[in-house]
Amino acid sequence: MGMKKMLKIIWILIINFVNVVPLLLLAQNSPKDYLKAHNNARAEVGVKPLNWDPQLELHARLFVEKYMADCKKAFLDASLANKYGQNSAYSAPPQSGAEAVARWVKHKHNYDYKSNSCIDGTLNCLCYTQVVWNSTNLLGCASVECQNYEATLATCLYYPPQGKIPNQRPYKIH
Ligand SMILES: *[C@@H]1O[C@H](CO)[C@@H](O)[C@H](O)[C@H]1NC(C)=O
């Protein structure tokens, strides 16, 4: 094999390798992946699984695409938060959608069922309570690769949203 041909093959291998990374990320960005990550956490506290809603997915997609050029700005936008429940995750380095959900679920450690509030006095458990909110039954999520950093932005929308009445809990302990 000539040197030129070999170099060409090496380049093709490198280019394909670079292409594999985003594909792997995409592999965990399907509705099934988002649902599984949510519904495992819900099953743990005895709450019914969520169903995928294409309309919510569309709104989530429009939202993340709006902030593709500057992903961090998404956190200043509460325009959907009145109508839907919403969890967002900015991650650098990039993360899959399933990993973003796993981050919200981790906040379980910061939720105190007895006082129905976040242990550290912040709002840092509300992403978890939304994931497991009993009366929420619809989910739609989307994520994008950010253009300004090596990062991803994921958002999930929930309907109906988690309750905002102080003594309302996400689920019952029997
Ligand atoms: C969820 O809500 C349903 C319907 O209101 C209720 O019957 C059920 O006990 C609730 N489950 C939990 C775990 O809170």
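Helices (H or I, at least four residues) and strands (E, at least two) are DSSP runs, numbered from the N terminus. With that in hand, select the protein chain: it has five helices and six strands. Reading along the sequence, you will pass them in the pattern α-α-β-α-β-α-β-β-α-β-β.

Two notes before you start clicking. This is a predicted model, in which local features need pLDDT of at least 70 and side-chain atom pairs count only at pLDDT 80 or more, while totals for chains, interfaces and linings use all residues. Residues are numbered from 1 along each chain as its sequence is written.

**Stop 1: the whole chain**

Of the 174 residues in the protein chain, 30% are buried. A residue is buried if 20 or more other C-beta atoms lie within 10 Å of its own, exposed if 12 or fewer, and partly exposed in between, with C-beta atoms placed from the backbone. Now think about contacts: two residues are in contact if their C-beta atoms, placed from the backbone, lie within 7 Å. Among contacts in the protein chain with a separation of 6 or more, 71% are between residues 24 or more positions apart.

**Stop 2: the four-stranded sheet**

Next, select β1, β5, β6 and β2. These four strands form an open sheet in the order β1-β5-β6-β2, with mixed pairing. Two strands pair if DSSP finds at least two bridges between them. β1 (51-52) and β2 stand at the edges with a single partner strand each, so one side of each has no neighbour in the sheet.

Zoom in on strand β6 (residues 152-159). Seven of its eight residues are buried, so β6 is largely enclosed by the rest of the structure. Then look at its partners:

- Strand β5 (residues 138-145) is joined to β6 by eight bridges, and the two run antiparallel. β5 and β6 form a hairpin, with six residues between them.
- Strand β2 (residues 85-91) is joined to β6 by seven bridges, again antiparallel. Here Gly-85 stands opposite Tyr-158 in β6.

Now move to β1. Two bridges join β1 to β5, and this pair runs parallel. Click Asn-51 and you will find it opposite Leu-138 in β5.

**Stop 3: the helices on the sheet**

Axes are lines fitted to C-alpha atoms, for helices over the stretch in contact, and angles run from 0 to 180 degrees between N-to-C directions. α2 lies across β1, β5 and β6, running at about 120° to β5. α4 also packs on the sheet, where it touches β2, β5 and β6, and its direction makes about 110° with that of β2.

How do the two helices meet? The axes of helix α2 (residues 31-44) and helix α4 (residues 97-106) come within 8 Å and cross at roughly 20°. That makes α2 roughly parallel to α4; angles under 35 degrees count as roughly parallel, over 145 as roughly antiparallel, 65 to 115 as roughly perpendicular and the rest as oblique.

By class, the contact of α2 with α4 has seven nonpolar, two polar and one charged residues. Ala, Val, Leu, Ile, Met, Phe, Trp, Tyr, Cys and Pro count as nonpolar, Asp, Glu, Lys and Arg as charged, and the others, Gly among them, as polar.

**Stop 4**

Start with Val-105 in helix α4. Is Val-105 buried, exposed or partly exposed? It counts as partly exposed, because it has 19 C-beta neighbours inside 10 Å. His-38 is 67 residues from Val-105 in sequence, yet 8.0 Å away in space, C-alpha to C-alpha. Leaving aside neighbours within four places in sequence, Val-105 is in contact with Ala-41, Tyr-128 and Val-131.

Next comes Glu-44, found in helix α2. With 12 C-beta neighbours inside 10 Å, Glu-44 counts as exposed. Glu-44 and Val-132 are 88 residues apart in sequence and 9.1 Å apart in space, C-alpha to C-alpha.

Finish at Ala-69, in the loop between α3 (54-66) and β2. Ala-69 counts as exposed, with 10 C-beta neighbours inside 10 Å. Which residues does Ala-69 contact, leaving aside its neighbours within four places in sequence? They are Gln-147 and Asn-148. Show Cys-146 too: the C-alpha atoms of Ala-69 and Cys-146 are separated by 6.3 Å, and the two are 77 residues apart along the chain.
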